[in-house]
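Subject: Handover of a structure and its findings

Dear colleague,

Please find the structure below, together with its sequence. My findings follow it, and I would be grateful if you could read them with the structure open.

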Amino acid sequence: QVQLVESGGGLVQTGGSLRLSCAASGFTFSTYDMRWYRQAPEKEREWVATITGGSTNYADSVKGRFTISRDNAKNTVYLRMNNLKPEDTAVYYCNARDPRFTLATTSNNFWGQGTQVTVSS
């Protein structure tokens with residue numbers, strides 16, 4: 001059974017930092033591309049960052065402030081968030097996607113339940 005369990009969210013003041021974790025199980029973690037997405041109230045879910053086997057990419061809105069990393073020995077992906085802003089307030093979701101498949105289905109694309117991040121001004 002595939003599971004992605006996020007943790008580390010919370011309430012932080014502007015300029016503060018948080019580290020989100022996503023613990024994965026039920027699939028071969030090291031072979032999957034891992035992503036973080038977020039969804040603010042009344043907004044569409046948006047991509048935040050990606051880590052593959054050898055590279056990382058970030059949305060322009062978080063570049064230079066957020067760092068995605070992974071520990072394949074622990075089957076865990078992280079998102080370090082520094083210099084947080086009120087506009088970073090959202091539910092943050094972990095995503096795992098098998099890069100061998102172009103079409104994302106429930107068999108190769110998995111989501112966690114999300115963790116709330118709230119940044120107060």
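I begin with Phe 110, which counts as buried because its relative accessibility is 9%, and buried means under 20%. Please note that this is a predicted model.

Aromatic residues

Phe 110 belongs to an aromatic cluster whose other members are Phe 27, Phe 29 and Tyr 32. In total, the structure has five aromatic pairs. In one of them, Phe 27 and Tyr 32, the ring centres are 4.6 Å apart and the planes stand at 55°, so this pair is tilted. Both partners are buried: Phe 27 has a relative accessible area of 13%, and Tyr 32 has one of 7%.

Phe 27 also pairs with Phe 110; here the centres lie 5.3 Å apart with the planes at 50°, so this pair is tilted as well. The pair of Phe 27 and Phe 110 joins distant parts of the chain, the two residues being 83 residues apart. Phe 27 is in the loop between strand S3 (18–25) and strand S4 (33–39), whereas Phe 110 is in strand S10 (residues 109–111).

Charges over rings

Phe 29, a member of the cluster, has the charged end of Arg 70 over its ring, 4.6 Å from the centre. Elsewhere, Arg 45 lies over the face of Tyr 93, at a distance of 3.8 Å from the ring centre.

The nonpolar core

The largest nonpolar core holds 31 residues. The members that touch the most others are Leu 4, Met 34, Trp 36, Val 77, Leu 79, Met 81 and Tyr 92. Strands S3, S4, S5, S7 (66–71), S8 (76–81), S9 (90–97) and S11 (115–120) each contribute at least two residues to this core.

For Met 81, contacts beyond four places in sequence are made with Gly 16, Ser 17, Leu 18, Leu 20, Arg 65, Phe 66, Tyr 92 and Val 117.

Val 48

Val 48 is located in strand S5 (residues 46–51). This residue is buried, with a relative accessible area of 1%. Which residues does Val 48 touch, not counting those up to four places away in sequence? They are Trp 36, Tyr 37, Arg 38, Asn 57, Tyr 58, Ala 59, Val 62, Phe 66, Leu 79 and Tyr 92. Thr 102, by comparison, is 54 residues from Val 48 in sequence and 20 Å from it in space, C-alpha to C-alpha.

With kind regards

Key
Residues numbered from 1 in each chain as written. Predicted model: local features only at pLDDT ≥ 70, side-chain atom pairs only at ≥ 80, totals over all residues. Heavy atoms only, no water. Phe/Tyr/Trp six-rings, centres within 6.5 Å; stacked < 30°, edge-to-face > 60°. Buried < 20%, exposed > 50% of the residue type's maximum accessible area, 1.4 Å probe, protein only. Helix = DSSP H or I, 4+ residues; strand = E, 2+ residues; numbered from the N terminus. Lys NZ or Arg CZ within 6 Å of the ring centre and 35° of its normal. Contact = heavy atoms within 4.5 Å. Core = buried A, V, L, I, M, F, W, Y, C linked by side-chain atoms within 4.5 Å.
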